[in-house]
Amino acid sequence: MERNFDRTIPKICAFGVELNQVWTNLIMNAVDAMKEGGELELRTSQDALDVVVEVRDNGSGIPTEVLSRIFDPFFTTKGVGEGTGLGLDTAMRVIKKHRGEIDVRSEPGETVFRISLPKVKKAVSSL
Ligand SMILES: Nc1ncnc2c1ncn2[C@@H]1O[C@H](COP(=O)(O)OP(=O)(O)OP(=O)(O)O)[C@@H](O)[C@H]1O
Ligand SMILES: [Mg+2]
């Protein structure tokens, strides 16, 4: 695992416990997608308005026909008892609640989930 953290990122107002669920779900998915010896990168950065967190793995990648469905509740490509298909649905709901965004780009051997969260406090949705 490679950590590339921008130590100058400002503090933001957020529900830390909920965001921890997001990082956990993304990291678990990355681990599931990689063979032994896979490489996982966690990167933080910022631009003028947002703080950005990226989770990158060098695993199988997400097939195009699957990509449009990965955020759907209960969508999973994992076996019965292995995945509930709720990890990314939960992640999306938490990020939306924080008025942030979550994007994914994927090809075989490289998948990156990118989360941006606004630096300036906006009303947190009650959803
Ligand atoms: N990093 C990744 N690489 C390859 N496929 C991924 C990755 N992240 C998600 N996926 C795909 O998206 C699907 C949905 O992910 P999600 O986290 O919502 O559910 P899950 O991992 O299958 O089950 P759960 O997280 O509930 O245990 C996965 O089954 C997998 O097919
Ligand atoms: Mg998952």
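The points that follow take up the basis of the values, the ligand site and then individual residues.

1. Basis of the values. This is a predicted model, in which local features need pLDDT of at least 70 and side-chain atom pairs count only at pLDDT 80 or more, while totals for chains, interfaces and linings use all residues. Residues are numbered from 1 along each chain as its sequence is written, chains are lettered from A and ligands numbered from 1 in the order in which they are written, and side-chain values use heavy atoms, with hydrogens and water left out.

2. Polar atoms at the ligand. A polar contact is a pair of N or O atoms within 3.5 Å; within protein, one must be able to donate a hydrogen and the other to accept it, and residues adjacent in sequence count only if both atoms are side-chain atoms. In the side chain of Thr84, an N or O atom is 2.4 Å from an oxygen atom of ligand 1. For Asp57, a polar side-chain atom lies 2.8 Å from a nitrogen atom of the ligand. Leu88 takes part through its backbone, where an N or O atom lies 2.9 Å from a ligand oxygen atom. Of the 590 Å² of accessible area that ligand 1 has on its own, the protein covers 90%. Accessible areas come from the Shrake-Rupley method with a 1.4 Å probe; for residues, only the protein chains shown count as cover.

3. Pocket and contributing elements. The largest pocket is the space taken by ligand 1. On a 1 Å grid over the protein atoms alone, a pocket is an open set of points where a 1.4 Å probe fits, with protein on both sides within 12 Å along at least five of seven lines; lining residues have an atom within 4 Å of a point. A molecule sits in a pocket if more than half of its atoms lie within 2 Å of its grid points. Helices (H or I, at least four residues) and strands (E, at least two) are DSSP runs, numbered from the N terminus.

4. Glu41 and its partners. Which side chains does a polar contact of 2.7 Å join to that of Glu41? One partner is Asn4, and another is Arg56, also at 2.7 Å. Glu41 lies in strand β2 (residues 40-46) and counts as buried because its relative accessibility is 10%. Buried means under 20% relative accessible area, exposed over 50%, and partly exposed in between (1.4 Å probe, protein chains only). Asn4, in strand β1 (residues 2-4), is partly exposed, with a relative accessible area of 26%.

5. Positive phi values. Phe74 is not a glycine, yet its phi is positive, at about 70 degrees. Phe74 is in the loop between α2 and α3 and is exposed, with a relative accessible area of 63%. Arg99, also a residue other than glycine, has a positive phi near 60 degrees. Arg99 is placed in the loop between α3 and β4 (101-107) and counts as partly exposed at 42% relative accessibility.

6. Val51, in strand β3 (residues 50-57), is buried because its relative accessibility is 7%. Phe15, in the loop between β1 and α1, is partly exposed at 41% relative accessibility. Phe15 and Arg69 are 54 residues apart in sequence and 26 Å apart in space, C-alpha to C-alpha.
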